[in-house]
Amino acid sequence: MAKDFAAGWCGGCAGIVVGHPLDTVKVRIQTESVVGSQGRYHGVTHCFYKTIRTEGFRGLYKGMVSPLISTAGINAIVFGVTNNMNRACVEHLQIRGSPSDLPLRYHYMSGAAAGALQSLVSGPAEHIKTRMQLDGQGSRGWNHVSYRSPFHCAQIIHKQQGLRGVFRGTLATCCRDCPGFGFYFLTYEGICRAFSKQQRDVPVWALLTAGGFAGMAAWFFTYPFDVVKSRLQAQSMNPAKHQYSGIVDCFRKSYWQGGPKIFTRGLSTTMIRAFPVNAVTFYAFELFLLLFDVPSKVSLPSSPEPVPTPSR
């Protein structure tokens, strides 16, 4: 479990550094009407350009500290629970082999359970991240931001709305991540099996491909809940000014406002981001498992044997 935790933390951090700029763009496009910036951005490229022009490259990394801090707990739960549940299933079913020999449905169930548990951590973390990503958007410089750090943001939310405010959007996060992580690990394991009959020593390119498509599958099937989560978390701190009373109300009003297309707003950015982020995440995870002497799908390249010198 400890080694799963460490490997998951390393993989998660690598993925966040790679993908956070696109996550910032996704959140800003998703929440335009909620934060009063309707029409500010004409698309992904325009949002990138406008953010960099007004806030600099640093603006794309707003709120990154929060997921980096929470990544340890989140990935400990996700990879730790998933791997340990898979091992428990191997023992219960008396399968001779490793978790890679389990039927794929068990990988889905283990991932879904991990997704539900980690939402208790990722829900508040993403709320803080969303607040910081939307803070001072469109303002030049950093003199117009309201939050000095993730801890300061959490303090303000707790002071104004209590613990319930900190956990706003957590149920929507759970509705997204429970099936999302199920598809995540199901897709990853399925693609790895397609490329390697032995389930071990998967080629690096195949492992990166599996990780990338796993991330895309998880987002594709659960994206509407991510839109709802972001809209709920971006609402005013003042309860009297809330647009939505809950998940169902947010779904209904969002549909009235923009039709079905509103639930795919920012999806292109997310899918573009999902492939490299999760390819890096899974590769780093498998690589660190290997370094920690835990069975992994990758192997370090062996040094070539020296060529014997012909005797004279």
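Read along the sequence, the chain follows the pattern α-α-α-α-α-α-α-α-α. Counted up, that is nine helices and zero strands. A helix here is a DSSP run of H or I with at least four residues, a strand is a run of E with at least two, and both are numbered from the N terminus.

Before we go on, please remember that this is a predicted model: local features need pLDDT of at least 70, side-chain atom pairs count only at pLDDT 80 or more, and totals for chains, interfaces and linings use all residues. Residues are numbered from 1 along each chain as its sequence is written, and side-chain values use heavy atoms, with hydrogens and water left out.

Let's talk about burial. Of the 312 residues in the chain, 51% are buried. Buried means under 20% relative accessible area, exposed means over 50%, and partly exposed is in between, using a 1.4 Å probe and protein chains only.

Now find helix α2, residues 44-55. How far apart are its end C-alpha atoms? They are 16 Å apart, which agrees with the 16 Å that 12 residues should span at 1.5 Å a residue. The expected span is 1.5 Å times one less than the number of residues. Which residues of α2 are buried? They are C47, T51, T54 and E55. These four cover an arc of only 85° around the axis, so they sit on the same side of α2. The arc is taken from the directions that run from the helix axis to the C-beta atoms. Here is the background: an α-helix has 3.6 residues a turn, so residues three or four places apart point the same way.

Next, the empty space inside. Rolling a probe the size of a water molecule over the atoms shows where empty space is left. How many cavities of 30 Å³ or more are there? The count comes to one. The largest cavity holds about 730 Å³ of space. Its lining has 32 residues, and the closest to its centre are E126, R176, F181, W219 and R273. A cavity is a set of points, on a 1 Å grid over the protein atoms alone, where a 1.4 Å probe fits but cannot get out, and lining residues have an atom within 4 Å of a point. Grid points are joined across faces, edges and corners, and the volume is the space filled by probe spheres set on the points.

Which helix gives the largest share of that lining? That is α3, with seven residues. By class, the lining has 12 nonpolar, 13 polar and seven charged residues. Nonpolar covers Ala, Val, Leu, Ile, Met, Phe, Trp, Tyr, Cys and Pro, charged covers Asp, Glu, Lys and Arg, and the others, Gly among them, count as polar.

On to the cysteines. A disulfide is a covalent bond between the sulfur atoms of two cysteines. The test here is a pair of cysteine sulfur atoms within 2.5 Å, and a search of the whole structure finds zero disulfides. Take C13: the closest cysteine sulfur, in C10, is 6.9 Å from its own, too far for a bond. C13 counts as buried at 13% relative accessibility, and C250 counts as buried at 0%.

R231 lies in helix α7 and is buried, with a relative accessible area of 0%. The C-alpha atoms of R231 and T130 are separated by 9.6 Å, although the two residues are 101 residues apart along the chain. M85, in helix α3, is partly exposed at 31%, and its C-alpha atom is 8.7 Å from that of H107, 22 residues apart along the chain.

Finally, look in the loop between α3 and α4 for Q94. Most residues other than glycine have a negative phi. Q94 has a positive phi of about 55° although it is not a glycine, and Q94 counts as exposed at 70% relative accessibility.

Conventions. 1 Å grid on protein atoms, 1.4 Å probe; cavity = no way out; pocket = protein on both sides within 12 Å on 5 of 7 lines; lining within 4 Å.
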